[in-house]
Each structure stands twice: as structure tokens, then as C-alpha cells.
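Look over the sequence and the structure first, then try each task before reading its solution.

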Amino acid sequence: MDLLDAVALESPVFFESREFSEPLVWNVITADCIFNDDHVLVEQGDGPPVSSKEPRATIHLADFPNISVGETVTYKNTDYTIRDIQKDGAQTGDAILWLSL
């Protein structure tokens, strides 16, 4: 078994543990995600950079079949619009949903 196979086998573990994951709602589906809402610096041309939030949710795609950009997900009673979906390059079946309020 190579490293990618090992990662694919371990990926669901993170979504099944409340240590790492929390519920995300899409349409009538509720499944676990790993949610991050970090601050990042955004360059403003000639002005100083400003701080902005970058909300994103890592999901297992099988839990959210056919989810797409422009749809709404709910995390902790807050609605977010999906602005991009980046599939995991390691072929684990996971993806990052880049979100906006």
C-alpha cells in the first residue's frame, strides 16, 4: 500500500470524529465537515493589506453528491454560498468548499 492509499483509507476517520468535524447542511443532507474560518491578509494595490476571513469546509464528496458552485450550505446556523470547489489531488474523495457569506 502506498501513501495515497493510506490517506484514502484514513480520510473518513476525520469526518467521523467530533474532535475534528462538525455538521454541515446542504439541502436535506446533513453530514460532517472540517470547517475553517482563518484570517488572511489581502493586498489592496498601493494601500496596506487588510485582514479578511476565508471560510472553507473540507467535505467527503460522497456525503454531498452533486454539490456545486453557487449553492448554499449552512454551518452553525449561518448560510454560506459555495464560490469554489477544489477536489483533493490525493484522490481521497475529499474536497474543499470555498465559501462566502
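At 30% relative accessibility, E22 counts as partly exposed, because partly exposed covers the range between buried (under 20% relative accessible area) and exposed (over 50%), using a 1.4 Å probe and protein chains only. The model is a predicted one, in which local features need pLDDT of at least 70 and side-chain atom pairs count only at pLDDT 80 or more, while totals for chains, interfaces and linings use all residues. Residues are numbered from 1 along each chain as its sequence is written, and side-chain values use heavy atoms, with hydrogens and water left out.

**Exercise 1. Salt bridges**

Task: State how many salt bridges there are, and describe each one.

Solution. 

Step 1. Start with the rule: a salt bridge is a side-chain nitrogen of Lys or Arg within 4 Å of a carboxyl oxygen of Asp or Glu. By this rule the count is two.

Step 2. E22 takes part in one of them: its side chain meets that of K76, at 3.3 Å from N to O. E22 lies in strand β1 and K76 in the loop between β4 and β5, so the pair ties together parts that are 54 residues apart in sequence. K76 counts as exposed, at 55% relative accessibility.

Step 3. R83 forms a salt bridge with E54, and their closest N and O atoms are 3.1 Å apart. This pair links distant parts of the chain, with R83 in strand β5 and E54 in strand β3, 29 residues apart. Both are partly exposed: R83 has a relative accessible area of 41%, and E54 has 21%.

**Exercise 2. Order of the elements**

Solution. 

Step 1. Helices (H or I, at least four residues) and strands (E, at least two) are DSSP runs, numbered from the N terminus.

Step 2. The protein chain has one helix and six strands.

**Exercise 3. Paired strands**

Task: Find how β5 pairs with β4 and with β6.

Solution. 

Step 1. Two strands pair if DSSP finds at least two bridges between them.

Step 2. β4 and β5 (residues 78–87) are antiparallel, with four bridges. Here V73 stands opposite Y80 in β5. The two strands form a hairpin with two residues between them, and K76 in the turn has a positive phi of about 50°.

Step 3. β5 and β6 (residues 94–100) also run antiparallel, joined by six bridges. I85 stands opposite L97 in β6. This hairpin has six residues between the strands, and Q91 takes a positive phi near 60°.

**Exercise 4. Aromatic rings**

Task: Describe how the rings of F35 and Y75 are arranged.

Solution. 

Step 1. Rings of Phe, Tyr and Trp (its six-membered ring) pair if their centres lie within 6.5 Å; planes under 30 degrees apart count as stacked, over 60 as edge-to-face and the rest as tilted.

Step 2. The count comes to three aromatic pairs. In one of them, F35 and Y75 are stacked, at 3.9 Å centre to centre with 10° between the planes. F35 lies in strand β2 (residues 29–44) and Y75 in strand β4 (residues 72–75), so the pair ties together parts that are 40 residues apart in sequence.

Step 3. F35 counts as buried at 16% relative accessibility, and Y75 counts as buried at 7%. F35, Y75 and Y80 form one aromatic cluster.

**Exercise 5. The nonpolar core**

Task: Name the residues of the largest nonpolar core that touch the most other members.

Solution. 

Step 1. A nonpolar core is a set of buried Ala, Val, Leu, Ile, Met, Phe, Trp, Tyr and Cys residues joined through side-chain atoms within 4.5 Å.

Step 2. The largest one has 16 residues, and L24, I59, I67, V73 and L99 touch the most other members. β1, β2, β3, β4, β5 and β6 each supply at least two residues of this core.

Step 3. Across the 101 residues of the protein chain, 28% count as buried.

**Exercise 6. A histidine and its partner**

Task: Is H60 buried or exposed, and which side chain does its side chain contact?

Solution. 

Step 1. H60 is in strand β3. H60 is buried, with a relative accessible area of 17%.

Step 2. The side chain of H60 makes a polar contact with the side chain of D94, at 2.7 Å. A polar contact is a pair of N or O atoms within 3.5 Å; within protein, one must be able to donate a hydrogen and the other to accept it, and residues adjacent in sequence count only if both atoms are side-chain atoms.
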